[in-house]
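Me: I would like to understand how the labels used for a protein model are decided. Could you take me through a few of them, setting each value against its rule?

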Amino acid sequence: MNTKKANRLFLVTILFSISISMLLSLMALTGFELPFIPNMLSSELILVLPALSFALCSGDRMNTLFPFHRIRISTGLLTLLYTALVIPMTVFLNALSMLFVDNTVLEMSDDFLKWPMWVTILLIGIYGPFCEECVFRGVMLQSYRRSGRVLGAMILSAILFGLMHLNFNQASYAIVIGFMLAMLVEATGSLWTSVICHALFNTENVVMMYVEEKYAPELLKQTQDMSDQAYHQMLVQQIGIYGAVAAVCTLLAVLLVFKIADHEGRGNYFRSIWKRKEKNAEGMPVQKKPGFITVPLILAVLVAVGFMFISM
């Protein structure tokens, strides 16, 4: 699938997601709210169904758009460490965004906590990441990288991944996560590593919500009862602490992903991504590199950002 089709896919996905979101909001006004499990199942299907439809109509081989290639067990273990190193940066960006917008995940936590932890882990920690990786590091990234602009493809797919969340809070760290996941896929050539990393990240968040709700509910109440000034000061302190840790851990994560690429025998290719002369999906040098920007992409970004502002 080429860049133009990938851009059309993102526009369709955004319009579909916003339409369903608005429909559910209207239904909620009438007193009907979709239960947690159907809501989570449908929210991911909204992403997967358009992507799968475009993929089937593209004429491409499915293992090209969904590269679930085998990885070494040791690579999987290194991915665990990589995930742990990425988390501090996401915590830092989440706290930074909370200076301006509410924590979206925290607002939804009451719906999660009504269910057993294993149900929430299954839906948010495994099912959601698998679907999202198939779409954004699968169809989207694999389509964009055919232009030969592999680094540009990684950046664009990460930005679109952030916009897909349709709120500024999650978008602030989802863009960074998206790029770190794209690095992992390019380093290993397999979606399995990004699925593992994404699943671990989400599962860690889920477990922490349940732990805090059970063992430290008073901390959440204290935070909610804080004045705006005290809350702002607390965030500033957290940002300072998390920022220092995040800087060190992110640097280590970048060094580790280069090590992972060497471990999977893709070190030379992975290093070539960061040079001016990139290669196409088949690893051959390209002369003319088509751009990413098309009218559907511009429309999709404007619609997504506009919806995010309206929803603030």
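This is a predicted model: local features need pLDDT of at least 70, side-chain atom pairs count only at pLDDT 80 or more; totals for chains, interfaces and linings use all residues.

Me: Why is Pro35 called partly exposed?

Reply: The relative accessible area of Pro35 is 42%, and since buried means under 20% and exposed means over 50%, with partly exposed in between, Pro35 is called partly exposed.

Me: Why does Leu166 count as buried?

Reply: Leu166, which lies in the loop between helix H7 (150-164) and helix H8 (168-188), has a relative accessibility of 11%; because buried means under 20%, Leu166 counts as buried. Leu166 also has a positive phi of about 60 degrees although it is not a glycine, whereas most residues other than glycine have a negative phi.

Me: What makes the aromatic pair of Phe168 and Phe309 edge-to-face?

Reply: The structure holds 11 aromatic pairs. In the pair of Phe168 and Phe309 the distance is 4.9 Å centre to centre, and rings pair if their centres lie within 6.5 Å; the planes are at 65 degrees, and because planes over 60 degrees apart count as edge-to-face, that is the label for this pair. The pair links distant parts of the chain, with Phe168 in helix H8 and Phe309 in helix H13 (residues 295-310), 141 residues apart.

Me: Which label does Phe168 get, and which does Phe309 get, buried, partly exposed or exposed?

Reply: Phe168 has a relative accessibility of 25% and therefore counts as partly exposed, while Phe309, at 53%, counts as exposed, because the cut-off for exposed is over 50%.

Me: Why is the aromatic pair of Phe258 and Trp274 called tilted?

Reply: The planes of Phe258 and Trp274 are 40 degrees apart, with 6.2 Å centre to centre; because under 30 degrees counts as stacked, over 60 as edge-to-face and the rest as tilted, this pair is tilted. Phe258 lies in helix H11 (residues 228-263) and Trp274 in the loop between helix H12 (267-273) and H13, so the pair ties together parts that are 16 residues apart in sequence. Phe258 and Trp274 also belong to one aromatic cluster with Phe179 and Phe270.

Me: How do you know that the charged end of Arg137 sits near enough to count as over the ring of Phe161?

Reply: The charged end of Arg137 is 4.3 Å from the centre of the Phe161 ring, and the rule asks for a distance within 6 Å, together with a position within 35 degrees of the ring normal; Arg137 is listed as sitting over the ring.

Terms used:
Residues are numbered from 1 along each chain as its sequence is written. Side-chain values use heavy atoms; hydrogens and water are left out. Buried means under 20% relative accessible area, exposed over 50%, partly exposed in between (1.4 Å probe, protein chains only). Helices (H or I, at least four residues) and strands (E, at least two) are DSSP runs, numbered from the N terminus. Rings of Phe, Tyr and Trp (its six-membered ring) pair if their centres lie within 6.5 Å; planes under 30 degrees apart count as stacked, over 60 as edge-to-face and the rest as tilted.
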